[in-house]
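Work through the exercises below with the sequence and the model open side by side, and try each task before reading its solution.

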Amino acid sequence: MAEAAMAKSIEIPDCCYPTEPVLVRPSGSKPRHTLYLSNLDDQKFLRFSIKYIYVYKRSVGVEALATSLSKVLVEYHPLAGRLRPVGEDGEKYQVDCNGEGALLAEAYVDLKAEEFLQGCGRPNRSWRKLLYRVEAQSFVDVPPLVVQVTHLSCGGMILCTAINHCLSDAIGTAQFLHAWALLTAKPDANLPVNAFHDRCILKPRVPPDIAFSHPEFSSPPAQDSHSGDLFQFLLSQPLVPVSLTFTPSQILHLKKQSVPSIKCTSFEVLASHVWRAWIKSLDPPASLRIKLLFSMNVRGRLKPELPGGYYGNGFVLGCAETSVEELVTSNAHHGIKLVQEAKKSVTGEYVRSMIDLLEERRAKPDLSSSLVISAWTKLGLEELDFGGGRPLHMGPLASEIYCLFLPVIGDLHAFTVIISVPQEIADRFQQYCRRGLDDDTDKGGSGYGLNAV
């Protein structure tokens, strides 16, 4: 069975801040300039920070971290700038690369790394104490990079970072974090990848050419009055985080559930499996049209490809769509095929069409009946070493209603799935996630409690 982390989550004590946070500026000067943000960067649903938490057995001196951060910010100087509104309506943003600095806070907490690890499967609100809260009037007033180094009573440390999603996607944040870690552990090292800043390569075409329907943005047809809105339902419920780890053998077993057999990746089969479990546990009407939205790296799909070192947002949302009935009464083959077809449809022309669409209207993803999956795997995030060894734990600072696929420390081919679901369905969701891992009962149809229509 998949390992379900439902033990009591660790409550973080209050942190003690011996000094005020500091602004770390680039150690070398760059001429002040503005950085254009592409339509992939400047989407309204990306106006938040990607928040990582790392737990280490041994602390690294905050002075060493500040020095290396100052050095790496020369290469990644937009992270030391500030977002600024642009245009008559102020709806779009650009980066003022003014070298104002990233915020770095140092704290102490009466907690041991071992204590944290015993309850780290389920993030809770108390974890937010591990990231300094910036008092700001709006999103644009928060530095694009905020870091807190928290020293533990055992001699270890917790490192939390918040990186503005408008500047970087998961691939870009991983690239930056690896560069910072390298310069901390080896101050004289050369960075293996130079940051590529210019986002003008993703400017919209003139005139625009919207050649695709882009179902990831379009709203579904009007549903029956009793169908409801899954997204609004989720927001109205008390949510609890659920964390499950899938081993390579379990993922292989899921692949074998497909009839007829189908060649697929671990992501494809697990995304389909989690989507089905999520829908079954929510038990919406059989006729409801549902979507799976998942982040897709398009750096290599564009013509020409995005340059190496591009750390801006180089992803779009793939979209698989079907009805509740079709998804849950078919075997695994159907869901996997939908994910594969969604991936195949995202061509370079599709991405260009999406960029043009976003120029014409500030479209938002259709979340009404959608599960959103973002994969943090295969980025080496679990290997981040600042000189004191690799992390004991790596993950998100908070659990949300969108789903994360995380790497498993020590097992390159395993996945941890974390998502917040309504408290009343948490056990049911886990049961459906486990189903099909150790038996052949998941052939479709019977026993899944579809609502009457």
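**Exercise 1. Locate S168, decide whether it is buried or exposed, and list its contacts outside its own stretch of sequence.**

Step 1. S168 sits in the loop that runs between β9 (157–164) and α3, where helices (H or I, at least four residues) and strands (E, at least two) are DSSP runs numbered from the N terminus. The model is a predicted one, in which local features need pLDDT of at least 70 and side-chain atom pairs count only at pLDDT 80 or more, while totals for chains, interfaces and linings use all residues. Residues are numbered from 1 along each chain as its sequence is written, and side-chain values use heavy atoms, with hydrogens and water left out.

Step 2. With a relative accessible area of 2%, S168 is buried; buried means under 20% relative accessible area, exposed over 50%, and partly exposed in between (1.4 Å probe, protein chains only).

Step 3. Once residues up to four places away in sequence are set aside, S168 touches I50, T173, Y311, G312 and N313, a contact being heavy atoms within 4.5 Å. Its C-alpha atom is also separated by 9.4 Å from that of L79, although S168 and L79 are 89 residues apart along the chain.

**Exercise 2. Carry out the corresponding analysis for P307: which loop holds it, and which residues does it contact?**

Step 1. The loop between β11 and β12 (315–323) holds P307, and at 25% relative accessibility this proline counts as partly exposed.

Step 2. Leaving aside neighbours within four places in sequence, P307 is in contact with F196 and I201.

**Exercise 3. Find the buried residues of helix α5 and work out how they are arranged around its axis.**

Step 1. Helix α5 covers residues 248–256, and its buried residues are Q250, I251 and L254.

Step 2. Viewed down the axis of α5, these buried residues fall within an arc of 100°, so they line one face of the helix; the arc is that of the directions from the helix axis to the C-beta atoms. As background, an α-helix has 3.6 residues a turn, so residues three or four places apart point the same way.

Step 3. On the face of α5 turned away from the buried side are the exposed residues S249 and K256, whereas the buried residues of α5 pack against β10 (239–246), α6 (266–282) and β16 (411–422).

**Exercise 4. Describe how α5 and α6 are placed relative to each other, and which residues meet.**

Step 1. The axes of α5 and α6 come within 10 Å and cross at roughly 75°; axes are lines fitted to C-alpha atoms, for helices over the stretch in contact, and angles run from 0 to 180 degrees between N-to-C directions.

Step 2. The two helices, α5 and α6, are therefore roughly perpendicular to each other, given that angles under 35 degrees count as roughly parallel, over 145 as roughly antiparallel, 65 to 115 as roughly perpendicular and the rest as oblique.

Step 3. From α5, I251, L254 and K255 meet S266, V269, L270 and H273 of α6. By class, this contact of α5 with α6 has four nonpolar, two polar and one charged residues, where Ala, Val, Leu, Ile, Met, Phe, Trp, Tyr, Cys and Pro count as nonpolar, Asp, Glu, Lys and Arg as charged, and the others, Gly among them, as polar.

Step 4. H273, which lies in α6, is buried with a relative accessible area of 7%. Apart from neighbours within four places in sequence, H273 is in contact with F246, L254, Y432, C433 and R435.

**Exercise 5. Describe the packing of α6 with helix α8.**

Step 1. Helix α8 (residues 332–345) and α6 pack at an angle of about 120°, with their axes 8 Å apart, and α6 and α8 are therefore oblique to each other.

Step 2. In α6, F267, E268, V269, S272, W275 and R276 meet A332, G335, I336, L338, V339, Q340 and K343 in α8. The classes in this contact of α6 with α8 are seven nonpolar, three polar and three charged residues.

**Exercise 6. Where do the cis peptide bonds from V206 to P207 and from V259 to P260 lie?**

Step 1. The bond from V206 to P207 is cis, with omega near -5°, and P207 is found in the loop between α3 (170–185) and α4 (230–236).

Step 2. The bond from V259 to P260 is cis as well, with omega near 0°, and P260 has its place in the loop between α5 and α6.
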